[in-house]
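Have the coordinates open and follow along.

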Amino acid sequence: MNIKQILAEKVSAAMVAAGLPEDTNPAISLSNRPQFGDYQANGVMGAAKKLKTNPRELATNVVEQLDLSGIASKVELAGPGFINIHLDEAWLTVQLNQVAKDDFTGVTQRGVNANDDAKTVVVDYSAPNLAKEMHVGHLRSTIIGDAVVRALEFRGDKVIRQNHMGDWGTQFGMLIAHLSDKLAGNEVAETALADLENFYREAKIRFDNEEGFADRARADVVKLQSGDEACAKLWQQFIDISITHSEEIYEKLNVSLKRSDIMGESAYNDDLSTVIDELMAKKIAVEDQGAKVVFIDEMANKDGEPSVFIVQKSGGGFLYATTDLSACRYRSGKLAADRIIIFTDARQALHFKQVEIVARKAGFLPENVGYQHCPFGMMMGDDGKPFKTRTGGTIKLAELLDEAVVRASALIKEKNPEISDDDLALISKKVGIGAVKFADLSKNRTSDYIFNWKTMLSFEGATAPYLQYAYSRIQSIFSKAGIKPSTLKNDVTINIIEPQEKALALKILQLEDTIDAVISECTPNLLCNYLYELASLYMTFYEACPILKEDISDDVKTSRLALCQVVSDTLKQGLDILGIEVMDRM
RNA sequence: GCCUUUGUAGCUCAGUUGGAUAGAGCAAGCGCCUCCUAAGCGCUAGGUCGGAAGUUCGAAUCUUCUCAAAGGCGCCA
């Protein structure tokens with residue numbers, strides 16, 4: 001169910017009938033003022049400009065050809081060529097009632113319509129460095145990626161998650177050398193690695209100061225990479241425990257990543273020399289100053305100097321450029337991806353642009369496979385500088401999340417002193433984590449954003465608690481009415497009476513449109529905006545339209561209860577895509 | 001030096017491929033609980049969209065220049 005798409009098809013047909021080319025964009029958008037109707041089509045003006053004709057006359061022709069019978073109650077021509085569309089309330093009512101009965105709250109599944117097949121989408125996100133604990137810098141990739149993944153799946157695409165964990169590289173030599181000594185001292189790996197930050201720090205101190213240790217560490221890297229069994233065993237132990245740390249975070253964050261989604265850097269190790277051989281054989285890469293590099297003319301600067309992309313170090317070692325090229329081939333080949341999406345911070349934008357160009361040249365990434373690097377900004381403190389602890393250290397993600405729950409708990413207790421300890425624990429977890437996630441997800445992906453406890457947990461305005469509150473208010477009505485929401489699904493017809501109900505209906509019918517925008521641009525903030533608007537319209541409806549009051553007729557009562565039911569489903573479903581949980585009471 | 005991103009109300013942010021009078025939330029001010037959860041609702045105020053020029057019926061959005069911030073640019077990832 002996508003109103004915008006239905007209107008786009010109708011207006012397009014009218015445009016063609018009026019003599020415009022087939023690919024003319026009808027440019028349907030929501031009207032920004034009630035007197036301009038519900039939707040407007042602005043495409044005629046652009047088209048008239050291209051054809052150098054009078055926009056008003058052209059628009060008149062299009063409107064004459066436009067058949068919206070049954071859908072619109074009024075179509076008006078305004079200004080230089082705006083076509084304002086007032087939707088027919090009867091039509092809206094029919095659509096709304098269909099959505100009310102639908103398990104996917106009106107979102108069409110891929111494959112149902114022609115030209116809308118399910119795609120295989122590979123999504124690379126989270127990707128923490130296993131040498132250390134996850135810190136706040138990993139939050140955005142993890143939750144933005146997960147939200148997009150869930151949106152894709154909800155729409156019906158086949159998603160293959162790829163957690164490209166940093167589990168390989170020189171620092172692991174130092175770590176396994178240190179671990180080896182700890183185990184020799186009769187320590188158990190789990191205890192030695194209980195605090196990864198400490199462990200890393202200890203190893204680093206030894207590496208920098210202790211005589212002979214650095215040499216051992218370097219030797220261990222070489223041994224590890226050449227397949228030495230003892231080193232591999234130590235490495236595996238380290239990796240396993242570090243992954244367990246990450247899994248705890250995913251669990252806390254309600255993120256859908258599983259161990260089976262891990263495809264770490266080490267997994268590409270055996271393929272790297274092949275990648276280089278192919279690049280050399282195809283004369284894409286050349287030797288320069290001892291290293292193997294690709295000179296990318298497509299990205300030359302004004303003076304014609306090509307961009308440089310190193311794929312193998314002069315000593316023969318490989319870099320993350322090599323790994324990412326190998327990943328391109330694996331994903332488009334073995335995984336048969338139609339589309340590849342990568343979530344990393346914006347600093348890597350240049351790198352991924354280079355990877356794509358080289359991979360396409362080398363044939364690792366066929367023409368028809370989409371490749372999308374989705375960068376995001378950093379998390380800043382109140383002072384606008386990178387978010388750090390008071391002493392300047394990185395903030396562990398686990399600690400941040402714990403603090404969110406503690407803060408939520410204090411606030412809930414204050415609002416609701418009689419709450420039981422069990423309820424408090426459960427609700428503060430959902431509210432605290434939800435608040436952190438929503439604050440992040442609701443911001444535009446590309447810019448840096450300021451992390452602030454106060455605004456995200458204020459419980460006022462556009463926050464997760466506001467949405468959760470709207471949801472629990474609805475549940476409260478059901479419980480007060482003694483009605484199981486599921487019983488409303490089939491027998492009840494919703495009627496639109498008040499303007500607040502119409503506004504709500506219109507918003508409900510925009511879910512698919514919103515999801516599609518989230519999917520194509522990888523921007524969950526659009527879904528956040530949508531859900532906030534939905535919740536806000538519900539609150540307005542709640543104040544204006546009594547449901548369980550004595551003077552409300554049974555018909556109106558059941559109609560409104562059913563409307564509540566659709567809003568409740570939509571909110572729950574939308575928040576679920578964001579990985580935010582709801583509760584019946586708060 | 002070159003490249004990328006960002007700059008919108010006091011603060012935090014939206015703003016769909018150029019569309020009509022630039023929108024929310026917080027903070028500020030004023031109202032609304034004998035009534036389904038006031039973690040709420042309604043109203044008021046707040047802006048030369050960093051600056052300048054250009055493109056056109058029409059610019060926060062496109063082009064050029066400029067100012068400011070952040071980041072990247074040959075052997076880390």
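An axis here is a line fitted to C-alpha atoms, for helices over the stretch in contact, and angles run from 0 to 180 degrees between N-to-C directions. Helices (H or I, at least four residues) and strands (E, at least two) are DSSP runs, numbered from the N terminus.

Before going further, keep in mind that this is a predicted model: local features need pLDDT of at least 70 and side-chain atom pairs count only at pLDDT 80 or more, while totals for chains, interfaces and linings use all residues. Residues are numbered from 1 along each chain as its sequence is written, chains are lettered from A and ligands numbered from 1 in the order in which they are written, and side-chain values use heavy atoms, with hydrogens and water left out.

On the α6 side, the contact (heavy atoms within 4.5 Å) is made by Gln171, Met174, Leu175, His178, Leu179, Asp181 and Lys182, and α8 answers with Phe199, Tyr200, Glu202, Ala203, Lys204, Arg206 and Phe207. By class, that contact has seven nonpolar, two polar and five charged residues. Nonpolar here means Ala, Val, Leu, Ile, Met, Phe, Trp, Tyr, Cys and Pro; Asp, Glu, Lys and Arg are charged, and the others, Gly among them, are polar.

Next, look at α9 (residues 213-225) and α10 (residues 229-253), whose axes come within 8 Å and cross at roughly 95°. So this pair is roughly perpendicular too. Asp220, Lys223 and Leu224 of α9 meet Cys231, Ala232 and Trp235 of α10, a contact with four nonpolar, no polar and two charged residues.

Now for the sheets. One is open, with four strands in the order β6-β5-β10-β11 and parallel pairing; strands pair if DSSP finds at least two bridges between them. β6 (158-162) and β11 (370-376) are the edge strands, each pairing on one side only. Neighbouring strands are turned by 20° against each other on average, direction ignored. Inside the sheet, β5 (residues 120-124) and β10 (residues 339-345) share four bridges, and Val121 has Arg339 as its bridge partner in β10.

The other open sheet runs β1-β2-β4-β3, and its four strands pair antiparallel. Its edges are β1 (28-30) and β3 (72-78), and the twist averages 25° from one strand to the next. Six bridges join β3 to β4, with Ala72 partnered by Leu87 of β4.

Finally, turn to RNA strand B. The surface near RNA strand B divides into 29 nonpolar, 17 polar and 18 charged residues. Of the RNA atoms within 4 Å of the protein, 57% belong to sugar or phosphate and the rest to bases.

What does the side chain of Arg33 approach with an N or O atom? A sugar or linking oxygen of RNA strand B, at 2.4 Å. An N or O atom in the side chain of Asn84 is 2.4 Å from a base nitrogen of the RNA, and a polar side-chain atom of Ser472 lies 3.2 Å from a base oxygen. Among the elements giving two or more residues to this surface are β4 (82-87), α17 (464-481) and α21 (525-544).

Technical notes
Near = heavy atom within 4 Å. Polar contact = N/O pair within 3.5 Å; in protein donor to acceptor, adjacent residues only side chain to side chain. Parallel < 35°, antiparallel > 145°, perpendicular 65-115°, else oblique.
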